[in-house]
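Reader: I would like a close look at one part of this model, its aromatic pairs, together with the packing around them. Please start with the contacts in general.

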Amino acid sequence: MRTKALFVAAAIGLASVIPSLAQVYSVNVVGYVNVDVPTGFSLISNPLDATSNAVQDLMPAVDGLTVYRFDSAAYPSKSSLNPILGWQGDDFDINPGEGVWVNNPGAALTVTFVGEITEGDKSIDVPAGFSIRSSIIPETGALATTLGFPAGVNDTIYEWDNAGNTYVISSLLPAPIGWQPAEPSIDVGQSFFVNAGAATTWTRNFTVGQ
């Protein structure tokens with residue numbers, strides 16, 4: 001999955017360079033992230049906090065596009081039948097740190113997410129068992145080493161390979177083995193399934209100039 005991110009000033013101020021993110025000019029960074037959605041299934045996320053994170057406000061009204069939000073009891077879905085009828089189905093938000101399945105029956109498309117990153121600690125709960133998660137901060141890197149995911153021993157990560165139509169599975173085994181076959185690397189706008197042995201909290205911190 002390829003993404004393109006641009007962050008611009010919410011108000012003019014002092015410039016700072018933030019590794020792995022972008023150049024910013026204020027404490028509230030606003031901008032956009034382009035997320036490529038190929039034909040077929042993909043696991044994506046909303047990497048920015050928008051004015052409205054409702055699925056119908058984030059996703060384009062493309063004929064047949066279906067979005068599935070994972071729930072332990074069911075898969076609520078929201079389908080766009082066509083640009084005239086608009087969205088049909090369940091209402092739900094796609095907040096930063098969460099993730100959704102997208103089934104795109106048509107040609108590959110680009111979804112543009114517009115919103116902001118605010119300073120301070122931001123957390124997302126990771127329940128025991130299966131859930132779909134993503135980095136709250138729009139940053140690319142190794143899941144635990146760079147993105148700070150609190151993986152526990154025997155936790156398993158499932159990334160979706162659209163081209164191969166299969167999961168790429170990584171597990172954290174007891175020391176000294178570690179990640180097998182390798183620590184996952186997660187892109188901006190990508191989400192993944194996690195099967196966690198115990199509930200935990202994934203906390204990220206964003207500070208201008210650090």
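Reader: What percentage of the contacts in the protein with a separation of 6 or more comes from residues 24 or more positions apart?

Author: The figure is 69%, for residues 24 or more positions apart among contacts with a separation of 6 or more; a contact means heavy atoms within 4.5 Å. The model is predicted, so local features need pLDDT of at least 70 and side-chain atom pairs count only at pLDDT 80 or more, while totals for chains, interfaces and linings use all residues. Residues are numbered from 1 along each chain as its sequence is written, and side-chain values use heavy atoms, with hydrogens and water left out.

The protein has 1 helix and 19 strands; these are DSSP runs numbered from the N terminus, helices being H or I of at least four residues and strands E of at least two. Of its 210 residues, 42% count as buried, where buried means under 20% relative accessible area, exposed over 50% and partly exposed in between, with a 1.4 Å probe and protein chains only.

There are 15 aromatic pairs in the structure. Rings of Phe, Tyr and Trp (its six-membered ring) pair if their centres lie within 6.5 Å; planes under 30 degrees apart count as stacked, over 60 as edge-to-face and the rest as tilted. Trp101 and Tyr167 are edge-to-face because their ring centres are 6.2 Å apart and their planes stand at 75°. Trp101 belongs to strand 9 and Tyr167 to strand 15, so this pair joins distant parts of the chain, 66 residues apart. Trp101, at 9% relative accessibility, is buried, whereas Tyr167, at 34%, is partly exposed.

Phe149 and Trp202 make another edge-to-face pair, with 4.9 Å from centre to centre and 90° between the planes. Phe149 sits in the loop between strand 13 (141-142) and strand 14 (156-161) and Trp202 in strand 19 (residues 200-206), so parts 53 residues apart in sequence are tied together. Both Phe149 and Trp202 are buried.

One aromatic cluster is formed by Phe41, Tyr68, Phe70, Tyr75, Trp101, Phe130, Tyr158, Trp160, Tyr167 and Phe193.

Strand 15 (residues 166-173) also holds Ser170, which counts as buried because its relative accessibility is 4%. Leaving out residues up to four places away in sequence, Ser170 touches residues including Asp155, Ile157, Trp179 and Pro184.
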